[in-house]
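Trainee: I'm new to this one and would like a close look at a single part. Could you walk me through it once it's on screen?

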Amino acid sequence: MIKNGSTKTFLLKYQESNDMPVRAINFKPSRSTKLKLRALAKRYEVSITIDESESEKVFVRVMKILQPDYAMNFQISDRSSLYEEIEEKVGEVIMCYRMKLPIVLFNELNKQFKQKHSLIARWFRRPKAPLEGKRPIDVLKEDGGLDKIMGMLERMKTGDFS
């Protein structure tokens, strides 16, 4: 345990040359949760930081190791489902990493498709008229591709298809 003023940081690490920590700040998870989180971090090569604020809100950051573009911050409302919610977000970060999908784009798609990942994956692989008949996954590789896709999503949200 490391003490920084009034903040207590519990480092829940597994010992390997590439240390991928699970850190809990002002929050001490149960032993079984610690073990499950360490296994999750090791399996997917992510770091997990859990921070409980003074207002008893639990904030979590999941980040792919050595890939800071693939990080997600979120708040957990129910402490009893802590592991399940973190596991779901780790899955989302890994999906973005594998698809080379920016988190900002994934978050927007998640909102519009109500977190239905199979619809997001299908949408990404089908040609779209506003993208000149190209697939969003191909447009994303072009210069300015992210802006084109985000613009199209904004038009979808507002109903502007002119």
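Trainee: Which does glutamate 132 count as, buried or exposed?

Mentor: Exposed: glutamate 132 has a relative accessibility of 69% (buried means under 20% relative accessible area, exposed over 50%, partly exposed in between, with a 1.4 Å probe and protein chains only). Before we go on, this is a predicted model, where local features need pLDDT of at least 70 and side-chain atom pairs count only at pLDDT 80 or more, while totals for chains, interfaces and linings use all residues. Residues are numbered from 1 along each chain as its sequence is written, and side-chain values use heavy atoms, leaving out hydrogens and water.

Glutamate 132 sits in the loop between H4 and H5 (helices are DSSP runs of H or I with at least four residues, strands are E runs of at least two, and both are numbered from the N terminus). Its backbone is worth a look too: the phi of glutamate 132 is near 60°, a positive value in a residue other than glycine. Most residues other than glycine have a negative phi. Glutamate 45 also has a positive phi, about 55°, and isn't a glycine either. You'll find glutamate 45 in the loop between helix H1 (31–44) and strand E4 (46–52), and it is partly exposed, at 42% relative accessible area.

Helix H4 (residues 117–125) has Ile120, Ala121, Trp123 and Phe124 as its buried residues. Looking down the axis of H4, these fall within an arc of 160° (taken from the directions from the helix axis to the C-beta atoms), so they line one face of the helix. Their cover includes helix H2 (82–99), H3, helix H5 (136–139) and H6.

Two of those covering helices meet each other as well. Val104, Leu105, Glu108, Leu109 and Gln112 in H3 are in contact with Leu146, Ile149, Met150, Leu153, Met156 and Lys157 in H6 (contact means heavy atoms within 4.5 Å). By class, that contact of H3 with H6 has eight nonpolar, one polar and two charged residues (Ala, Val, Leu, Ile, Met, Phe, Trp, Tyr, Cys and Pro count as nonpolar, Asp, Glu, Lys and Arg as charged, and the others, Gly among them, as polar).

Glutamate 45 has a link of its own: methionine 63 touches Glu45, Val46, Ser47, Pro68, Tyr70 and Ala71, not counting residues up to four places away in sequence. Methionine 63 belongs to strand E5 (residues 58–64).
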